[in-house]
Every structure is written in C-alpha cells, then in structure tokens.
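Here is a short briefing on one protein chain. Look over the sequence and the model, then read the points below.

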Amino acid sequence: NFRPEQEGAPSATTMDGQNSNFGTNYTTIHDATSGTGGLDAQTAGTIFSNGKVDANNFQINRGHTLFNASSIDKSDPINSATLTLYSNGDTSDTDTACTDDATLVSTSPASNIDLVNADYNQANFGSTDYMTGVVISSLPSTDQTAKEFTLNASGRSFIETAIDTLSGIVKFGWRVQGDRDNCTPNGFANFGAYFSDQGGDVIEPKLVVDHGGAGKARRILID
C-alpha cells in the first residue's frame, strides 16, 4: 500500500494538498501565476473551488494528489482505477453562472513532495479529463464520507505512462470546470477533503488500481 505522504516524512516520494487565491477581481486571481494560500501541510481543506465568497471577493482552489505506483509492473495493463476523496463536511454549490463540475486532470508541481505558491499557476495543470465531470452539488457534505471517482481510459493510460516514464509517480490535479472555463461565478462551489497530513489511513485520498493480464491479474490498493 502506498499513500500521499505527510509533510516532512522520511524518504517521502509524494504529497497532497491545494493552492488557493483570493481577491476582488476574478480575472486577476484566475490568471495569477502564483497562489496566496493553501499548500501541502494541511490536515484538511478545500481541494477545489471556484466561487464568489461575498459581495466583494472571489476564491479559487486547485488541488493535487500524488501517488507512488512504482510497485506495478511496467508490463501490466491498467484494467480499471478509482480515486476516492473523503469529505471534511465543507461542501457547497450556490453558484448558478458556471459549470460547477469537479474535474480530474494532470498536475506538474515543482516538487513531488512539497507545494509552493507557484504551483497554483493554471499552466501547471493539464487539459485532458481523466474522469467524467461530477457536479459538486452531488458530492458528500457529511464529514468523513467517501466519494469514489472512476477514471476513464485517458486516466488509466495516464497511470501507465507514469509507471513507464515518471518512476511510478502519478500526479493528479483537481479543478472546478468553471475555473477551467474562466467563468466568473455568482456563488460559491467547493469541496473540502481530508489530506494525508491528518495522520490516519482511513480517510486519506485513495487510488485503487486493478491491473495485469490473463494469469497475472491482481488488485492492489494505492492510497
């Protein structure tokens, strides 16, 4: 079993967390090349959002969940995969102006074990969807409730590529579709989740991969 590792863990190879930006002008915070808050030393937080916080301010959160899948043999096809997040109870969707779907893409932070403010830059996130978008209003708002997301063919291929070329480090990014569309919201759409720094195995982000061919197929848990 492999997990996004806690901040400062010895010999860490992965991490999870989020970058955020906050301000009075939506375009300014959307296009900013650096965030103003968030990062990876958190027990829980808003992993993705696109919203108008109040009459004068907007907020965007962009998330990162990295997994070390190097134990999967390079010859194994990825048959199926799911990624699970656990709600911290902070979920809302009052926006009516934008497409408020949770989306899963690639991310390319400067480091696999630490986030910096510059990792907020939207240029660090890919454009290929690794799952079908999920409406935020359908996500759990009860604390410690799991939401399982099923990866599509592109997502499975992304895992295979990471195993082949990136030492097995699978780097998933999370964005609200409205953020990707550069859509100015009139309400707040967000999902809060637990991260690896909360210190337990039960409610950390979890990647489950079914892989292998005839005669060698097996199921492992990467969480």
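**A buried aromatic pair**

Phe48 is buried, at 0% relative accessibility; buried means under 20% relative accessible area, exposed over 50%, and partly exposed in between, with a 1.4 Å probe and protein chains only. This is a predicted model, where local features need pLDDT of at least 70, side-chain atom pairs count only at pLDDT 80 or more, and totals for chains, interfaces and linings use all residues. Residues are numbered from 1 along each chain as its sequence is written, and side-chain values use heavy atoms, with hydrogens and water left out.

**Aromatic rings**

- The whole structure holds 8 aromatic pairs. Rings of Phe, Tyr and Trp (its six-membered ring) pair if their centres lie within 6.5 Å; planes under 30 degrees apart count as stacked, over 60 as edge-to-face and the rest as tilted.
- One of the pairs joins Phe48 and Phe191, and this pair is stacked. The centres are 5.6 Å apart, with 25° between the planes.
- Phe48 sits in strand β3 (residues 44–52) and Phe191 in strand β10 (residues 188–194), so the pair ties together parts that are 143 residues apart in sequence.
- Phe191 is buried too, at 0% relative accessibility.
- Phe48, Phe149, Trp174 and Phe191 form a cluster, linked by ring pairs.

**The whole chain**

- The chain has 3 helices and 12 strands. Helices (H or I, at least four residues) and strands (E, at least two) are DSSP runs, numbered from the N terminus.
- The radius of gyration is 17 Å, close to the 17 Å that the globule rule gives for 223 residues, so the chain is as compact as a globular protein of that length. The radius is taken over C-alpha atoms, and the rule is 2.2 Å times the number of residues to the power 0.38.
- The C-alpha trace spans about 60 × 35 × 30 Å along its principal axes.
- Of the 223 residues, 52% are buried.
- Take the contacts between residues at least 6 apart in sequence: 80% join residues at least 24 apart. Contact means heavy atoms within 4.5 Å.

**A loop residue**

- Where is Asn124 placed? Asn124 is in the loop between β6 (101–106) and β7 (134–135).
- Is Asn124 buried or exposed? Asn124 is buried, with a relative accessible area of 18%.
- Leaving out residues up to four places away in sequence, Asn124 touches Ser106, Thr107, Ser108, Ala118 and Asp119.
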